[in-house]
Amino acid sequence: MKTVVSLQDLLELEIRPGPLLDEYRRLSEAAVRAWPSSALREVACQACGSADARPAFERFGLAYKECVACGTVYLSPRPDEATLAEDARTSEAARFWRERLLPETEEARREKILLPRADWVRDALAEYAAGTDGVIDLRPHEAPAVRRPDVRRPDVRSPDVSRPDLQVGRQGVGAVTAFEVFDRAADLPSLVRAVRAALAPGGLLFVTAPSISGFELQVLWERARTIAPPEKLNVLSMAGFRALFGDGWEILEMSTPGMFDVETVRRAVEAEPDAPWPRIVRALVSDTDGQRRMELQEYLQRVRLASFARLIVRRTD
C-alpha cells in the first residue's frame, strides 16, 4: 500500500480566508439549528457499522459520537440526504459559499488543489488502470463544476451525492472520484455500495476526506471548528477507512498529505494560551523559526497522522 508525503507550498489562508469563513460558519450554524427534530435520525458508525459509541462533543446543538470499535467520529442523529440537498440549494449559508467564498478562493484552489489533484488522478489511472473508459466525478451537494478534475477521458459524468443513482450499464466505469464527499454523506455505507456497483471490476475509487486520526483533530477535538454540520457528518479514522473498504476492495494508496495540522494547532495554542494544552503539544508547535514544525508535519504525513486523507481503492471482483 502506497503512502505519499507532500511538500507542496500551500498557504491555508489562500483557500480558507478567515473573515469570510467566520461568516459562513455563522450562517451554517443558523441553518443547522433550524433543522426540525423530526428530520433527524440515529445512525450507527458510518465506517465499521458498530452501534457501540461514546459521546465525543456537540456542535450547533447536535451530538457527535466516537465509535468504540474503530474511532470514527460521526453526527448522530442526523438529517437524510433530501434534507441536506434542500439545505444546499436554499440556505443562506450555501448561497454565501457559492457567491462569496468560492469566487474569492477560486484561483488559489485551482492552482493549489484542483490541478495537483487532477495530476494525481491521471497518474494513478496510468499506473493502475491504463485504458480506463468512463469516469464519474461524484460531487457534494450542488457543488460547482469547477471541482471536476481534467482527467482527459471521453466520458465524465458528475452526479450530485444527493442523487446516488450511478447506474452506468453492464460494463461499469473505470473510475469514480469522491472529493470531499464521504464526510458529507448522510448514508456513507449505501454510497460506497452504489459506487462499487458502478465500477467495473478493477475500477478505481479516488477519495479525499478528513481523518479524525490526525494530529490537528486529535489535539483540538471539540475545539476543531472544521468539524461541524452540514459539511462534516463523518470524520473517519484510519482504522475506519480500512473497515469501510473490506471484502471486494483493495486499498492501493492510503496517505495523509495534509499540510495544516501543526500550524493550525500552533494558532489555536496562541489564541488560547491559558487553555489546558498538554505540555508536549506546546513544545512541539512553539518552534519560533518554523523548522521543527515543518519537520513534524512531514513526520505526520509519513506515519499517516495528518488530518487530511486521500485514498485510491480498487474494486477487486
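Phe57 counts as buried, at 8% relative accessibility, where buried means under 20% relative accessible area, exposed over 50% and partly exposed in between, with a 1.4 Å probe and protein chains only. The model is predicted, so local features need pLDDT of at least 70 and side-chain atom pairs count only at pLDDT 80 or more, while totals for chains, interfaces and linings use all residues. Residues are numbered from 1 along each chain as its sequence is written, and side-chain values use heavy atoms, with hydrogens and water left out.

**Aromatic pairs**
- A search of the whole structure gives seven aromatic pairs, a pair being two rings of Phe, Tyr or Trp (its six-membered ring) with centres within 6.5 Å, called stacked if the planes are under 30 degrees apart, edge-to-face if over 60 and tilted otherwise.
- The ring centres of Tyr24 and Trp97 are 4.9 Å apart with planes at 55°, so this pair is tilted.
- Tyr24 belongs to helix α2 (residues 18-33) and Trp97 to helix α4 (residues 92-128), 73 residues apart; helices (H or I, at least four residues) and strands (E, at least two) are DSSP runs numbered from the N terminus.
- Tyr24 is buried at 8% relative accessible area, whereas Trp97 is partly exposed at 23%.

**Around Phe57**
- Phe57 and Trp221 are edge-to-face, because their ring centres are 5.6 Å apart and their planes stand at 85°.
- Phe57 lies in strand β2 (residues 53-59), and Trp221, 164 residues apart from it, in the loop between α6 (215-220) and β10 (234-235).
- Trp221 is also buried, with a relative accessible area of 17%, and Phe57, Tyr64 and Trp221 form one aromatic cluster.
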